[in-house]
Amino acid sequence: MAEQTYFDDVKEGQELPEFTIQPDKQQLVKFAAGSGDFNPLHFDEKFPMLKGMGIADNIVHGRFKYAQVGRIVFAFAGYKGRVKKFGVSYRGMDLINTPIKVKGVVTAKKQEGGENIVELDVWTEDADGKKTTPGTAVVALPSKG
Amino acid sequence: MAEVFEVTDEVKAQYGVEGPPWTYEATTTSIRMYARGIGSVDPIHYDVDFAKSQGFRSIVAPLGYIGTPTFHPDTNDGTFGFPRRAGGGARLNLPTKGLLDGGTETEYLDYICAGDMLVETSSLADVRVRGNMVFVTNEAVYKNQESGKVVAKQRLTSIHIG
Amino acid sequence: MSQVFFEDVAEGLEIPELKKNCSTQQLVLWAAGSGDFYQIHYDKDFAQGTGLPGLIVHGALKHAFLGQLVHDWMGPKGELRKFGCSYRGMDYPNEDIRCRGVVTKKYTENGKNFVELDIWTENPAGKKTSPGTATVALPSKN
């Protein structure tokens, strides 16, 4: 359970608490179960499409990485915040059993339409530091006042 | 090299044309499975009493999960689960050598909680060709079946490789 | 779906066979449906690490196939009273699994018409990998 973030405490340039996830096959199979995406690309290393794409092992679902970005945004917003929008694009593949860092940084804070709006850059990063899933999020936060 | 796909006037004519609606379900079981699928341990996704104590109707869907499309073998794709329906760019004759996810963007107007039945409609928004890749963007709108209120809008880009 | 009647059934009758061949995707779908995420069914390295030759089909999935076999045969008016099997041999993805059954007994008790069956799954070598039995009540034509 995350601590509630308040608008008053947020600063531009502030980094969100990062975490790393290294999905194994069981994790990706559970994600297939939860998401309903049963593409064998993600769990069968002999799946012909992998070879056709010149990839050595199963690749992590883009939507899995999207959900990881969702976790960092949700943890930042807290139960009293509201996630208004979050999106990513899939710019690089991550392979199964490799570490994926999930990160975010505050890019702007403003009051708009009576709401306390915080804008974020959010992304996943592979072991080489490449942003494989860059994106942005918009969150409305409660204030202490 | 010839383009792998041409964005013709017929393709453009499909922009914004809504396909038939489809029902998506978010249940306690499906939300817990999705939360396990992403490795979350936040009790807001698992514990109904806890979620209610925090002011939610029931357990909350993790961000990224907007329910599971109702499934029937005659109407849904066996691999991805999505409905194979007309509209939403379904009639495009796209290359099939490879398929990748290009991007996902969700605008949330409300939380999605267990027990929600959502009605989704989608339409083709954009098609772009870059080299041997065709970027197809669909826009989906999810309404709460009971209240009729829009709860989420999504832009989904898939990359079809020829 | 057509209905089978008690009068149509004789001891020794073989019921229509159900043929299965599980892709790795089918095994993952079963994991999702059943909630059994044990890795020996979809992670080859894990399976081999436990001493298995490779991925194996879930026993409970074969049990479910036998359920489907009996369900399809007994028709909408048949009533399944009992069915079970034991797991005596392994089956592998992308290999045929023949689900078969044969009537072993028919009798009437308290006005109900019962049929007992031997049911089993069979691998390509002809070995019965999941032998079991089922008891169903069938409607009568009268």
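**Chain contacts, sheet pairing and nonpolar core**

In this predicted model, the contact between chains A and B draws 34 residues from chain A and 27 residues from chain B. Two residues count as in contact if their C-beta atoms, placed from the backbone, lie within 7 Å. On the chain A side, the elements giving two or more residues are helix H1 (25-35), helix H2 (48-52), helix H3 (62-77) and strand S2 (82-89). H3(A) gives the most, with 10 residues. Helices (H or I, at least four residues) and strands (E, at least two) are DSSP runs, numbered from the N terminus. By class, this side of chain A has 17 nonpolar, 11 polar and 6 charged residues. Here Ala, Val, Leu, Ile, Met, Phe, Trp, Tyr, Cys and Pro count as nonpolar, Asp, Glu, Lys and Arg as charged, and the others, Gly among them, as polar.

Local features need pLDDT of at least 70, side-chain atom pairs count only at pLDDT 80 or more, and totals for chains, interfaces and linings use all residues of the predicted model. Residues are numbered from 1 along each chain as its sequence is written, while chains are lettered from A and ligands numbered from 1 in the order in which they are written.

Strands also link chains A and B. S2(A) is joined to strand S3 (residues 98-108) of chain B by 5 bridges, and the two run antiparallel. Strands pair if DSSP finds at least two bridges between them. Within S3(B), B:Thr104 is the bridge partner of A:Val88. Chains B and C share no contact; their closest C-alpha atoms lie 8 Å apart.

Chain C holds an open sheet of 5 strands, in the order S1-S3-S4-S5-S2, with antiparallel pairing. Strand S1 (14-21) and strand S2 (79-85) of chain C are the edge strands, each pairing on one side only. Within chain C, 6 bridges join strand S4 (residues 112-122) to strand S5 (residues 132-137). C:Glu116 has C:Thr135 in S5(C) as its bridge partner.

The largest nonpolar core has 85 residues. Such a core is a set of buried Ala, Val, Leu, Ile, Met, Phe, Trp, Tyr and Cys residues joined through C-beta atoms within 7 Å. Buried means that 20 or more other C-beta atoms, placed from the backbone, lie within 10 Å of a residue's own. A:Ala32, A:Val73, A:Val139 and C:Val28 touch the most other members. H3(A) gives the most to this core, with 10 residues. Leaving aside neighbours within four places in sequence, the contacts of A:Ala32 include C:Val28 and C:Ala32.

Definitions and conventions: A residue is buried if 20 or more other C-beta atoms lie within 10 Å of its own, exposed if 12 or fewer, and partly exposed in between; C-beta atoms are placed from the backbone.
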